Amino acid sequence: MEEISVHQEILEEDILTDDNYNQYFTFYLGDELFGVDISSVKEVVKFEKIFRIPLMPDVICGVVNIRGMIIPVVDLSERLYNHKIEINNNTHIAIFEIDDENESILVGLMIDDVNAVIDIIDKDIEANPEFGAKIRSSFIKNIAKVNNDFVILLDLNNILSIDELSMIDDNDFNISRQLSTDEAMNKGIDFAIDTEHDEDILKEVDYVTFTLGDGFYGIETLKVKEIIEIGEITHVPNAMPFMKGVVNLRGLVVPLIDMRIRCSLEDTDYTKSASILIVEIKEILIGLIVDSVSDVITLKQNDIQNTPHFSTNIDKDFIEAIAKVDEKLYIMLDANKILTDEELDIIENQEQDNNQ
């Protein structure tokens with residue numbers, strides 16, 4: 001992504017007054033002008049490709065890779081107005097730093113266009129009106145009038161509330177920790193380096209990689225029993241939408257999961273390159289239908305970055321981590337979480353019915 005500089009505009013009338021003022025980064029959503037305190041802005045980049053993470057709500061566009069940091073991106077228009085930004089040449093992503101339980105987290109906001117960094121004097125800032133607002137009142141901190149234009153000053157802590165956007169568990173991580181020590185100090189981010197698990201950095205893990213649509217995915221090799229071509233599939237009545245049927249594997253009836261549907265991707269016809277990964281999930285053999293199998297890659301532990309979980313349905317959150325290999329982002333799946341316990345029970349009962 002190309003980093004851009006934000007032009008600073010100093011208003012002459014502000015320089016001539018003794019009133020207190022603060023600097024704000026201002027930008028557009030549609031025709032409306034918004035502002036946030038400049039101290040929370042880390043950088044602004046022009047929009048390029050965003051990597052969509054399956055099962056995230058619509059407000060989370062996906063993630064971007066900025067100098068090795070995997071940063072989640074929120075569609076600000078979706079967050080404020082419940083409709084998506086129309087991406088064009090002016091679209092940018094502003095990277096903000098927010099605090100969550102005394103930890104610094106980097107989050108990107110997709111915006112329509114950059115305006116400027118301006119000084120707003122305190123006397124020009126007014127309370128948010130209690131009527132007529134199209135935006136949730138808790139998202140607006142104040143309203144300011146600058147050169148006959150109204151600037152809506154946003155409350156980032158509410159807009160990017162981790163409690164509201166996600167369900168964070170103990171395995172989640174502080175995204176800012178992907179920075180090196182020097183980079184973090186330059187950005188003013190304070191965090192403690194955990195040296196207790198330095199040996200884990202040297203550990204290597206093999207992954208079978210595959211494609212789904214335009215995305216690259218992986219599953220730990222130890223979870224994959226074998227890879228087979230798609231043959232004759234026996235359909236099962238009243239099955240779950242992502243269950244395509246069953247296949248006979250040397251006398252064993254193996255249920256098949258269409259990973260495109262499971263990952264909320266567009267359902268398409270299978271091509272000649274489509275394959276089935278046979279994996280064992282809680283002692284049950286399951287076939288995962290993928291678009292194509294790519295390769296086996298070996299990753300060191302420090303090549304793998306934990307994924308920020310923004311799905312409100314934690315039972316279906318089977319994304320284990322993200323890794324960058326040869327400029328590609330791979331989404332690593334946790335085979336044990338691809339199906340919930342309830343879904344496994346349904347599949348197991350269907351298998352028993354088929355065998356009777």
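The notes below cover how to read the model, then its rings, then its cysteines.

**Reading the model**
- This is a predicted model, in which local features need pLDDT of at least 70 and side-chain atom pairs count only at pLDDT 80 or more, while totals for chains, interfaces and linings use all residues.
- Residues are numbered from 1 along each chain as its sequence is written, and side-chain values use heavy atoms, with hydrogens and water left out.

**Aromatic rings**
- You will find four aromatic pairs in the structure; rings of Phe, Tyr and Trp (its six-membered ring) pair if their centres lie within 6.5 Å, and planes under 30 degrees apart count as stacked, over 60 as edge-to-face and the rest as tilted.
- One of them joins Phe25 and Phe27, which is tilted because the planes stand at 35 degrees, with ring centres 5.6 Å apart.
- Phe27 also pairs with Phe34: these rings are stacked because their planes are at 20 degrees, and their centres are 6.1 Å apart.
- Together, ring pairs link Phe25, Phe27 and Phe34 into a cluster.
- Phe25 is buried at 0% relative accessible area (buried means under 20%, exposed over 50%, partly exposed in between, with a 1.4 Å probe and protein chains only).
- Phe27 and Phe34 are buried too, with Phe27 at 1% relative accessibility.

**A charge over a ring**
- Arg262 lies over the face of Phe242, 4.5 Å from the ring centre; the rule asks for NZ of Lys or CZ of Arg within 6 Å of the ring centre and within 35 degrees of the ring normal.

**Cysteines**
- The structure has zero disulfides (pairs of cysteine sulfur atoms within 2.5 Å).
- Cys61 is buried at 15% relative accessible area, and Cys263 is buried at 1%.
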